[in-house]
Amino acid sequence: MTTRANAQADESAWPLLPEERRWGAARLTLTLATTAAATWCYLIGESVGSYLGFIKGGLALGAGCMIGMLLVLLAAGPTCVRFGIDSIAATKPQFGSRGWVVPAALQAVSIIGWNSLLIIFFAKSAVQLSVALGILDLGPRNAALVPALTVLACTIIFAVLRRGATGVSMVSNILVAHVFIGLWMLYLLVSRRWPELIAAQPPNASSNHLWNYTTGIELGIGATLSWWPYIGAMIRMAPNGRTIVLPVMLGMAAPVPILSLIGLAGSLVLKSSDPTEWLRIVGGPAYAIVSLTFVTAANFGTTTAGIYASAVGLRNFAALQERTWTTLLLITIAPVALVGIFIPELFFAKFGNFLALIGVAFAPLCGIQIVDYFVLRRGRIDIRAIYADAPDQPYYFWRGINPAAMIALAAGCFTYIAFLNPLSYRSIAPYPYLTASLPSATAAALTYFLTSLLVNRAGRGGYPRP
Amino acid sequence: MTEPAHSNLAPQAPALPPPLEARIAAIEIAGRTPDFDTSGWLWMIVLGVVIPLMMLAAGWWA
């Protein structure tokens, strides 16, 4: 293997060699923490604050995040870390040598959608920061700066990611400081407004206390399940499973509920989850500047990691395997930049609902991967078959598609929406006892297991014989 | 005119690109990288099951 090939390995979807996987636990933790901490933490906290008070909400959200992270780790973790491959390549044993385009589409839409939102947040925060620092005057023409700043951010991200995973790690090393700024903001609010915080009543709480509590848990599970598209590209840089468990469970799962407490506390006490608004009330303009710096840094770090994961995922398409890394980055960044330039406000207003619907697919996806790896294949994955698309290969199934995975994914999504409509929050009677993500993952896992018995009987899928 | 003889060999998969082939061969030679060891499973149970259950119990009675 040449040095040039090694240097480009983290820019491909091919498996990484042991000597190329040099991220230790500390480096992985920093990268995952920087990736996880972003503006969405406030939104998650605000959502929980609609139904639960500070302590109940914080504990329900924290528990939900840890449970969701465990599901993601069990689903994508084993295959990604054993062979040094990304989340999308790890779906080929389940979805087939062509059917993987379904999870790839979910990943692309989810990451590009979220990154577009975050980069618009970034641009807006940067404008607000410039006003607060006196660089810009307050005025309507500042809105025109959002597209320009979006382009600037995309250009910087592009330049950083020319270095592949090293660029992600480099950004994380610098921006991880924002996590501590977030903790300081939380301390500030909690220490100064504790009596009000404890007494605050959630505005949209249902009369069913169990429903409120379960919704707090569900929001936590859902938030961390949406890390599935990101996680493979990061953990494949670590040498083995031993290295990834604590960084994923603590570095990625813990910052989300902790920083979400900022949004939760702000929405309960000051009726605003956005710390750039309430820090000005609590501590004056200087605190607002610190907060805006936090928001700007947080979203930049997450977007960098997201663009990287998405670009690696696209490498799985045969047509893009031979393209240069620069081309791939441009393909990934272009939609984000175009959204930020042409339709930032429209996207802000409408795309959240679409992302909520896309999010329901990650619980069943995890259920399918877990049962496939641990039950049906008992850990036996054919790395060569992951990259071979031919009728005699085990992951070819029928025309490259495994119908069992498609049926199971549909069954899981249907179960989720039946238990809890992610847009209207209408639910059915068992929801308060079971959540929606866990039955969805279970339904998909059971469906996949049963239909895979038929697939196995037909001699497809390369499942090990008992 | 006779029918062409069918090969008894199984159809071969198209060859992988040589750099990928070399990469997979190197991974196969290096042997199986373990997924999770005992301590990994223990941490997953503690952080993904035990602590969340304790948090849920504490939150419910808070």
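This is a predicted model: local features need pLDDT of at least 70, side-chain atom pairs count only at pLDDT 80 or more; totals for chains, interfaces and linings use all residues.
## A friendly tour of chain A

**The nonpolar core**
- A:Y308 is also one of the residues with the most contacts inside the largest nonpolar core, along with A:M69, A:I244, A:Y387 and A:Y448.
- This core has 167 residues, and helix α4 (residues 54-83) of chain A supplies the largest share of them, 18 residues.
- In soluble globular proteins, nonpolar side chains tend to be buried together.

**Helix α6**
- Helix α6 of chain A covers residues 101-132, which is 32 residues, so at 1.5 Å a residue it should span 46 Å.
- After α6(A) comes A:G134, which has a positive phi, near 80°.

**Cysteines**
- Searching the whole structure turns up zero disulfides over all chains.
- A:C80 is in no disulfide, and the nearest cysteine sulfur, belonging to A:C366, lies 11 Å away.
- A:C80 counts as buried because its relative accessibility is 0%.
- A:C154 is buried too, with a relative accessible area of 7%.

**A loop residue**
- A:D392 sits in the loop between α20 (383-386) and α21 (403-419) of chain A.
- With 33% relative accessibility, A:D392 counts as partly exposed.
- A:D392 and A:R460 are 68 residues apart along the chain, and their C-alpha atoms are separated by 9.6 Å.

How values were computed: Residues are numbered from 1 along each chain as its sequence is written. Chains are lettered from A and ligands numbered from 1 in the order in which they are written. Side-chain values use heavy atoms; hydrogens and water are left out. Helices (H or I, at least four residues) and strands (E, at least two) are DSSP runs, numbered from the N terminus. Buried means under 20% relative accessible area, exposed over 50%, partly exposed in between (1.4 Å probe, protein chains only). A nonpolar core is a set of buried Ala, Val, Leu, Ile, Met, Phe, Trp, Tyr and Cys residues joined through side-chain atoms within 4.5 Å. The expected span of a helix is 1.5 Å times one less than its number of residues. A disulfide is a pair of cysteine sulfur atoms within 2.5 Å.
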